[in-house]
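Have a look at the sequence and the structure first, then read on.

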Amino acid sequence: MKILVLFITFGICSCMPNPKTNEGEKTGSFSGRIEKGNFSDEILFEIESDTSNFQVFFTSIAQNANRIPLQHVEINGDSIQFMLQSDFYTYSFKNKWTDNNSKLQGSLTVDTLTTQYTLQKEALDNNNTPQSEDISFETNGLNLKGTIWYPKNKGDKGLVIVTSSGNADRSASRAEAILFARMGFTTFHYDKRGTGNSKGDWGVATIEELIGDDINAIKYFSDKSGIPLANIGIKGSSQGATKIPYILNELEHLKYGIAVSCPGVTLLESDLNYWKNRNAVALGKDIEEATAIQRKVFEYIAGKISRSAMEKALSTGKSSSWFAHIWVPDLDEVQTDTKLLYSPIPYFETTKQPILILQGTLDEIIPANSHKLIANALTQSNNHDFETVLLDGASHSMYYVGESDFPYWSKLHSDYLKTIEDWIHTVYGITKQE
């Protein structure tokens, strides 16, 4: 049964501390557990109001979701209902205030399934709410925007989340940045060039230019926060993970790197692997022949072969029954993307800092042996301070994709954040109690 990423298409709103509410008021923070068979999750509704309207925001740490605005909020006496609309499903919440508005009893209906829940009003713990600071910095002639999250007790340990592929801005990593700040790390993330409020165009940028932006962001963060590079770690996922060893080589004083879902091959080979996995069942014995043709398309996009060479390859397969599965973009609009030819392996072969390699066993995008290829590269660097962790049942996005009695609701793998936190503590030589 396929698990769908629930809120991936929704923007994640900034987390701002709210004023405490008095007992008896309908506004406030209501938290509790929602359950359905083998499914459970801790959720939080933050109900706010002005003189005329109510607003409701949804948070689930396990979904990497922070203060997502709910839609179509309606109040009728002691009842409140709202909904979310994703690309696939409508999530309908119906609730009633009880016990002098200290509880919220409700139900969530998705498709044909309904589950009940009871949430308890809680006093908002502003002492544990990370403080944020929006900043801007210059890199390669461009102005980029970002956010620094400060933990309750501002310490001397920093973490920078580097950007990944596509047009996602910093909102995609906001929930995670807040979680790391709650763990005690001053955390920084930012809009990649051409996304969010940052200037530029990531699509035409080379991987070296994007890494240059990352390096300038890290240096800026160190100067702004006063945390030396020797106490700063960097984390990246997918394409962001491939940049980790390059950056560590350029900034040798950085403390450590965390590479999540990192391909042990070029980005082109990783994209091709994903296409192959998605079409393997449909194409059966023809998969290898079809893959050879699809490879030519990716090589053309990467600037490795000419358009005529690609079209010649396509012509050899047009009469085959499997050709309909070949993905071909609008050739007149294709922009050459040399990032596809980039591989992190040569940089892992010279990396000396501690590195955590985290990979899911059900990752359909990167090759299954990526963690082994990376480990071999680090061994060639005589790096004995790395750890490889495979999370059973985790996807490329670190969501658990096993069987669920509520399959419309995705959750981060239960060991994902804990693994990272425990490993960082090991790098610093501290125990969890400290």
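## Around Phe 188

Skip the neighbours within four places in sequence, and Phe 188 is in contact (heavy atoms within 4.5 Å) with Ile 135, Phe 137, Gly 146, Thr 147, Ile 148, Leu 159, Val 160, Ile 161, Ala 217, Tyr 220 and Phe 221. Keep in mind that this is a predicted model, where local features need pLDDT of at least 70, side-chain atom pairs count only at pLDDT 80 or more, and totals for chains, interfaces and linings use all residues. Residues are numbered from 1 along each chain as its sequence is written, and side-chain values use heavy atoms, with hydrogens and water left out.

Phe 188 also turns up among the residues with the most contacts inside the largest nonpolar core, which has 56 residues. Such a core is a set of buried Ala, Val, Leu, Ile, Met, Phe, Trp, Tyr and Cys residues joined through side-chain atoms within 4.5 Å, with buried meaning under 20% relative accessible area (1.4 Å probe, protein chains only). A second, separate core has 27 residues, including Phe 180 and Leu 356.

## Strands side by side

Now for some strands (DSSP runs of E, at least two residues, numbered from the N terminus). Two strands pair if DSSP finds at least two bridges between them.

| Pair | Bridges | Direction |
|---|---|---|
| E6 (residues 79–85) and E7 (residues 90–98) | seven bridges | antiparallel |
| E7 and E8 (residues 103–110) | eight bridges | antiparallel |

Leu 84 stands opposite Tyr 91 in E7, while Lys 94 faces Ser 107 in E8. In the turn of the E7–E8 hairpin, Asp 99 has a positive phi of about 50°.

Note on methods: Buried means under 20% relative accessible area, exposed over 50%, partly exposed in between (1.4 Å probe, protein chains only). Helices (H or I, at least four residues) and strands (E, at least two) are DSSP runs, numbered from the N terminus.
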